Each structure stands twice: as structure tokens, then as C-alpha cells.
Amino acid sequence: MKLGVYTACLHDRTLAECLEVLHGLGLRGMELNAGGFMPAPHLHVDALLASERARRSYLAELAHADLELTALNVNCNPLHPDRRVGTAYTRDLHRAIELASLLGVRNVVTMSGLPGDHPGGRAPAWMVQPWHSAATDVLHYQWDDVAVPFWSDIERRAHRADVRVCIEMHPYNIVYNPATLVRLIERTNATHIGAEMDPSHLFWQGVEPLDAIAYLGDRVFNAAAKDTRINQESLRLHGVLDDRYVTPDRDDPATIGLGGEYVLNQFPEDPPWQFVAVGRAHDTAYWRSFLQALHSVDAEMPVNIEHEDDEVTVTEGLAIAAGHLLKAAEGL
């Protein structure tokens, strides 16, 4: 397996410092932001698109540190109905596919996106439980009029570039579980669209990642290593569809922007589930089974640690995750 780190959590460090951190953890792979929700401090997209010499120099710097760039990440909502947001994210995704091809990087990680509920809407609308026909009407619009045409175009671009687009199955998107991913693949006749197997969002939805890997098979192109802890006391009262999120002060420098006027909300104080470092919810034996399942699909599968554990520092979280992941990979 190609074990590494998604470096968004190291956004405040230089590329050289990131390389040093990863090397110290005993990891040899990197997934770097190329746009979307997060800035791209470790990948200067404009310069790399413009210059073959810059690309050669950049890849040589990674190779000198004994590290491989295994994926570009442009997680975003390219289907956002506020076109100030959606258009910018679509451009980021197009450019990431182009740059990945030029760099010889096979995988681009992103999200499927979420449209509004009608052509004039400005806010994304997620139909969680469409028991009402109004919701199924919305879903027909979102899939038939927006998602399928958009992703058919992305499939064509990815095919021309010989790049695989790896969709994170993420709630608040039209693709959030294995069944919706297969639906998108089938509706677009895709050969270059598949899964980024991030188990963290599957855990809290009640989806077993091992079963998801078996179901999707060779449509799993890339993987994330991020754990999720279920907090049973809160879960018994609030369930997994908890709506107690709070919008932070938009002017606070710590607030994360999501394009336009939109920002990332804060978790409730006692969430029914929360992201933790690999090994802090599921033990090493589980992660060995996870890696074995991925290995059966592709022995060279990139697996990148994603740190979102707010109970430990970034350095601590990466060390915890790397320790469990490397131990889990022994003998593969």
C-alpha cells in the first residue's frame, strides 16, 4: 500500500516542513490540495500548469525526500446553485484534472456536489429521507438536470486526461453512500469515476466500510484513513441526524470559508459522533482488515491519513494514526 498524509492539516507549514513531517512518520505518500474548500499552500497550481520545468523541479523535490504525490484534492461543491461559488469550484476541479495529468498523478479526490431544489434556488438542498413526493421531485431535478450532465462532462475530461476522479461519499452531497455512487457511475457511463474510500462518514451513517469496499470492488480508486467515534449517550438522544450545529462568527480568522458568504459550522458540544485519529475508535485489527480489503482491490492503493481530531494536536494525531496504520500494514 502507498501510505501517506493528506496535508490539509499542515496548511500552516511550508512544503519542505511537510516533507520533513511525513518522512519522520515513516510515510511515503502525499495528497495535496489543488483548490476547493481549502487553500493550496503546497501546490502552486498556476505556476505548475504554466511550466513543464516547474513541474519537473517540483516532482524532483518530492522524489529527493523519498515521497510520492499520489493524489490531488479539490473537495468542494461544484454543483452549488449560487454560481459565484459553483463556477469557481468547477474551475478548480477542471484545473486539478489537467494538472494531475501533467504531473503524472492518477487520482483527483473531490465530492459529487449538491444542487438547489429548483433552477432558481441559491442554497443546496439535501433530500435525506425522501418519503414525500416533493422530495423525489427535487431529486429528479438534481440528478437529471444538474448532476448527470455535469458529471458526464467530468467523465469525458477525466478520460481524455487519463485521470481517475475519486468521489468522497460525503453527506450533504448527492453521492453519500455506495448505492448513490454506483447510480452516478451508471447514469454517466463512467469508466474514470470511482470512490475515494473514506470510512469516517460511512461509520456514522451505519455503513460498514469493509462491505462497501466489497460492493464497489475495483471502483475504489483511492482511500482516506480517518476514524469516527460514536458517542452512545448522545446518540441515544439525538441520533446521527443531529441538527444542533452552530454558525461561527464569519469575521473570526479561525472560521473556515466554504466559498462566497458560506462558512463551516461548528459541531455541537456533545455530538453523537465525531472524527478521531485512526486507532482512537477502531483498533489496529480493524484497520488491518480495512487495508487488506483495499489490498485485494489494488495492492498499490494510495491510503492517506486525514486528520480532523480536535482532541489532539495535529502532530499528535498524525503520529497516532501513522503508528496504527503502519502496524496494520505489516505483512500485507
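1. In strand 2, Glu-31 is the bridge partner of Tyr-6. Strand 1 (residues 2-6) and strand 2 (residues 29-33) run parallel and are joined by three bridges. Two strands pair if DSSP finds at least two bridges between them. Strands (E, at least two residues) and helices (H or I, at least four) are DSSP runs, numbered from the N terminus.

2. The structure is a predicted model, in which local features need pLDDT of at least 70 and side-chain atom pairs count only at pLDDT 80 or more, while totals for chains, interfaces and linings use all residues. Residues are numbered from 1 along each chain as its sequence is written, and side-chain values use heavy atoms, with hydrogens and water left out.

3. Eight strands form a closed barrel in the order 1-2-3-4-5-6-7-10, with parallel pairing. From one strand to the next, the twist averages 30°. Helix 5 (residues 133-161) packs on the sheet and touches strand 4 (107-110), strand 5 (164-168) and strand 6 (193-197); the direction of helix 5 makes about 140° with that of strand 5. Helix 8 also packs on the sheet, where it touches strand 6 and strand 7 (220-225), and its direction makes about 160° with that of strand 6. Axes are lines fitted to C-alpha atoms, for helices over the stretch in contact, and angles run from 0 to 180 degrees between N-to-C directions.

4. The axes of helix 6 (residues 178-188) and helix 8 (residues 209-216) come within 10 Å and cross at roughly 20°. Helix 6 and helix 8 are therefore roughly parallel to each other (angles under 35 degrees count as roughly parallel, over 145 as roughly antiparallel, 65 to 115 as roughly perpendicular and the rest as oblique). Pro-178, Ala-179, Leu-181 and Val-182 of helix 6 make the contact (heavy atoms within 4.5 Å) with Ala-212, Tyr-215 and Leu-216 of helix 8. The residues of this contact are seven nonpolar, no polar and no charged (Ala, Val, Leu, Ile, Met, Phe, Trp, Tyr, Cys and Pro count as nonpolar, Asp, Glu, Lys and Arg as charged, and the others, Gly among them, as polar).

5. Helix 10 (residues 284-297) and helix 11 (residues 314-329) pack at an angle of about 60°, with their axes 8 Å apart. The two helices are therefore oblique to each other. Thr-284, Trp-287, Arg-288 and Leu-291 in helix 10 meet His-324, Leu-325, Lys-327, Ala-328 and Ala-329 in helix 11. By class, this contact has five nonpolar, two polar and two charged residues.
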